[in-house]
Amino acid sequence: MAENNDTGNGGTSGNSSSGALSSPASRRALLLAAGSAGAAAVLSAACAAPAGTRGAAGVPSASPARPPSPTPSDPARAAAPACVLAVGAGAGPYYLDLDLVRSDITQGRGGVPLRLDLTVVRVPDGCRPLAAAGVEVWHADADGDYSTGKDTFLRGTQITDRTGRCTFHTIVPGWYAGLAPHIHFKVRPDTRTETTSQFFFPEDLLTRIYTRQPYARRTPPEHPNRRDSRYRAAGQTMTLTLTPDGNGYRAASTVGIA
């Protein structure tokens, strides 16, 4: 079913391989384990570190925080990128809390491959990389449909490593319902707190991608982004920069949370 009412309250930040894994680890269990003496082993198995990141997404009113000077005794802080707070957005009507801990979320869905490298940082803490945070992503397939019921395609969770990084292997989403194509994501630094937002894509690149199969089975909108008021409001800061990667693309972004 295509998502036709992708609205909701903004995300909050405060107290509050392919296919499905045969025995997926629970995100909550991993978050709890990360606080124990076995954290290093959990994080090493849960998330592969990407090769790099770009500037963070953020709200227009926020000023980039300057990371402190690196120190030899603190490699995590030494690697911290500049960042601003991520723009909050609603989870939409098709969010499912599945606890599917996996990096490859395609589950047989066709489309242009996309590698998404994310780094989660604490903005108030000088953009310090945040380890052991749960990061969930979910989005539509090439036909603009979301997995529902027993389906789990294009949904998954990763746990950030000691440098705050994790990687998802997915596809470029299709369009639907007058909304700009997007990828939803939710960051949980602990079991009580979450930040929800979404990434957009450059419109000129979407126009080219949608001439390829399986997207070309439908007639794409002339301007997939401009028709969406949410993109007009947040697209400048929440749009991914894609670079060619094999027969697909790769994107890296820093997600700043409070």
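This is a short walk through a predicted model, from its sheet to a helix and then to its cysteines.

Four strands form an open sheet in the order 4-3-6-7, with antiparallel pairing. Strand 4 and strand 7 are the edge strands, each pairing on one side only. From one strand to the next, the twist averages 20°. Inside the sheet, strand 3 (residues 134-138) runs antiparallel to strand 6, and five bridges join the two. In this pairing, G134 stands opposite R188 of strand 6.

G156 counts as buried because its relative accessibility is 7%, and the cut-off for buried is under 20%. Beyond its neighbours within four places in sequence, G156 is in contact with L100, R102, I105, V135, E136, V137 and F168. V135, E136 and V137 fall within strand 3, residues 134-138. T106 lies 50 residues from G156 in sequence, yet the C-alpha atoms are 9.3 Å apart in space.

Turn next to helix 5. The helix packs on the sheet and touches strand 6 and strand 7. Its direction makes about 90° with that of strand 7. Which residues of helix 5 are buried? They are A234, G235 and M238, in a helix that runs over residues 229-238. These residues cover an arc of only 135° around the axis, so they sit on the same side of helix 5. Their cover includes strand 6 (182-188) and strand 7 (195-200). R232, A233 and Q236 are exposed on the other side of the helix. The N-terminal end of helix 5 is capped by D228. A side-chain oxygen of D228 lies 2.9 Å from the backbone nitrogen of R230.

Finish with the cysteines. How many disulfides does the whole structure hold? A search finds one. It joins C83 to C127, with an S to S distance of 2.2 Å. The link of C83 and C127 is left-handed, with -100° about the S-S bond. The pair ties together distant parts of the chain, 44 residues apart. C83 lies in the loop between helix 3 (75-78) and strand 1 (113-122). C127 lies in the loop between strand 1 and strand 2 (128-129). Both C83 and C127 are buried. Another cysteine, C166, also counts as buried, because its relative accessibility is 0%.

Terms used:
Residues numbered from 1 in each chain as written. Predicted model: local features only at pLDDT ≥ 70, side-chain atom pairs only at ≥ 80, totals over all residues. Heavy atoms only, no water. Disulfide = S-S within 2.5 Å. Buried < 20%, exposed > 50% of the residue type's maximum accessible area, 1.4 Å probe, protein only. Arc of directions from axis to C-beta. Contact = heavy atoms within 4.5 Å. Polar contact = N/O pair within 3.5 Å; in protein donor to acceptor, adjacent residues only side chain to side chain. Pairing = 2+ DSSP bridges. Axes fitted to C-alpha atoms, helices over the stretch in contact; angles between N-to-C directions.
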